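Please look over the structure shown below before reading the notes on its rings, its helices and a few selected residues.

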Amino acid sequence: MTYHPKSDFLRVMIERGFLADCTDYQALDEALINGVVPAYIGFDATAKSLHVGSLIQIMMLRWLQKTGHKPITLMGGGTTKVGDPSFRADERPLLTEAQIDDNIDGIKQVFAKYVTYGDGPTDALMLNNAEWLDELNYLEFLRDIGRHFSVNRMLSFESVKSRLDREQSLSFLEFNYMILQAYDFLELNRRYGCLLQMGGSDQWGNIVNGIDLTRRVLDHEIYGLTSPLLTTSDGKKMGKTAEGAIWLNAEMRAPYEFWQFWRNTTDADVGRFLKLYTELPVEECDRLGALEGSEINAAKIILANEVTTLCHGAEAAAAAEATAREVFEKGGVGDDLPTLTLPAGDIGDGISLAQLVVRSGLAKSGKDGKRLITDGALRVNDEPCNDPGRLFSAADLAEPVKLSAGKKRHALITLGD
């Protein structure tokens, strides 16, 4: 990156590693200097929560507001009905309107922790593209909007081309997705003066389409900016683990487990993640990321505390750190461990260790649970146990039982009414 921006926002994006590409650095920089720039990122409602993979985009919106501009969080109430085909091997399962609305309600909860909503010039807006997409008349849309799209060009975009090159089916429904997303940018520019769309680098083709459409229909100059698609240093997709996605909503992933995800960051990723996911000064991120040996563990705790404070609050971060110290340093139970409360009526003549391991979330299936136990990787109250069939009675569970899978994953089993 050789461009040296004058605006605070672009400078932060470049310095902290958020920027993959931009449609026009100089013109966007001038717009950012000359006034408040409304900018949006779209989020499709395919689940009840976003996960860590979306956190880089959420942090971009946060920095946008912190540097004096206006974030727009666009919920894809309309586009989720189609499904984004970008770089997917198959068509997304279609959701009902009720499922989509339910997912949007869940996703909205997390945004308010990162940006401030309101009526002020730099206050964030929460919008839903169903507002304009649901009302479209198909024939009018084809005539007024569809005529501006070249199928030849759409076929050349990498997100579509990669699917066709593998001879995987791309339905007409999905092919329309990029037209609808381009139309979103046009409508946001027309209704709210939105000048910038941001997204992951897999959205480049969709963003460019929106810019071209808006130029053709409204003769307005607008811009696009993408972030890199993040993988960890060992090549894994950001936000996904062996235990599943690291969700941002507390009811789908406990704050302690969220904290642990960041605490377990690979040494090589610490500096980069501090820049992207915290607001610590860049120099401090570089200093912490350069630490080695046992000192890097202190940097990982800072990373975990900073990210968890933003997402779940300072109390949750402090509780997670205290629990981690209790569990790892003192071999104790800890107050904030993920807890499975079993109704007494579920116990019957006893419940096996293998069942407890699965129900507590330490294993995905009975087969995985048995392998974990027989391999000697499971401890019960810090004592090794390799008998999957060991039964626990109601009396055994009268006091909380701690299960530990390896050194970093724990759960408490308690008895309820």
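Predicted model: local features only at pLDDT ≥ 70, side-chain atom pairs only at ≥ 80, totals over all residues.

Residues are numbered from 1 along each chain as its sequence is written, and side-chain values use heavy atoms, with hydrogens and water left out. Helices (H or I, at least four residues) and strands (E, at least two) are DSSP runs, numbered from the N terminus. Buried stands for under 20% relative accessible area, exposed for over 50% and partly exposed for what lies in between, with a 1.4 Å probe and protein chains only.

**Aromatic pairs**

- The structure holds nine aromatic pairs; rings of Phe, Tyr and Trp (its six-membered ring) pair if their centres lie within 6.5 Å, and planes under 30 degrees apart count as stacked, over 60 as edge-to-face and the rest as tilted.
- One of these nine pairs is formed by Phe141 and Tyr183, which are edge-to-face at 5.2 Å centre to centre, with 90 degrees between the planes.
- This pair links distant parts of the chain, since Phe141 belongs to helix H6 (residues 138-144) and Tyr183 to helix H10 (residues 177-192), 42 residues apart; Phe141 and Tyr183 are both buried.
- Phe258 and Trp262 have ring centres 6.1 Å apart and planes at 65 degrees, so this pair is edge-to-face.
- Phe258 and Trp262 both lie in helix H12 (residues 255-263), where they are four residues apart, about one turn of the helix.
- Phe258 counts as buried because its relative accessibility is 0%, and Trp262 counts as buried because its relative accessibility is 0%.
- Ring pairs also join Phe258 and Trp262 with Phe261, Phe273 and Tyr277 in a cluster.

**Helix H12 and its packing against H15**

- Helix H12 is mostly covered, with seven of its nine residues buried, namely Pro255, Tyr256, Phe258, Trp259, Gln260, Phe261 and Trp262.
- H12 packs with helix H15 (residues 295-312) at an angle of about 140 degrees, their axes being 8 Å apart; axes are lines fitted to C-alpha atoms, for helices over the stretch in contact, and angles run from 0 to 180 degrees between N-to-C directions.
- H12 and H15 are therefore oblique to each other, as angles under 35 degrees count as roughly parallel, over 145 as roughly antiparallel, 65 to 115 as roughly perpendicular and the rest as oblique.
- On the H12 side, the contact is made by Pro255, Phe258, Trp259, Trp262 and Arg263, while the residues from H15 include Asn297, Lys300, Ile301 and Leu303; contact means heavy atoms within 4.5 Å.

**Charged residues**

- The charged end of Lys66 sits over the ring of Trp63, 5.6 Å from its centre; for such an arrangement, NZ of Lys or CZ of Arg must be within 6 Å of the ring centre and within 35 degrees of the ring normal.
- Arg62 lies in helix H3 (residues 55-66) and is buried, with a relative accessible area of 16%.
- Not counting residues up to four places away in sequence, Arg62 touches Lys113, Tyr114, Val115, Glu279 and Leu310.
- Arg253, in the loop between strand E8 (244-245) and H12, is buried, with a relative accessible area of 10%.
- Arg253 and Asp44 are 209 residues apart along the chain, and their C-alpha atoms are separated by 20 Å.

- Ser227 is found in strand E6 (residues 223-227) and is buried, with a relative accessible area of 0%.
- Ser227 lies 213 residues from Ile14 in sequence, and the two are 10 Å apart in space, C-alpha to C-alpha.
- With its neighbours within four places in sequence left aside, Ser227 is in contact with residues including Phe18, Ala20, Ile56, Gln57 and Met60.
- Asn209, in helix H11, is buried, with a relative accessible area of 4%, and its contacts, leaving aside neighbours within four places in sequence, are Phe149, Arg153, Phe157, Met178 and Ala182.
- Asp219 is found in the loop between H11 (204-218) and E6 and is exposed, with a relative accessible area of 67%.
- Although Asp219 is not a glycine, it has a positive phi of about 60 degrees; most residues other than glycine have a negative phi.
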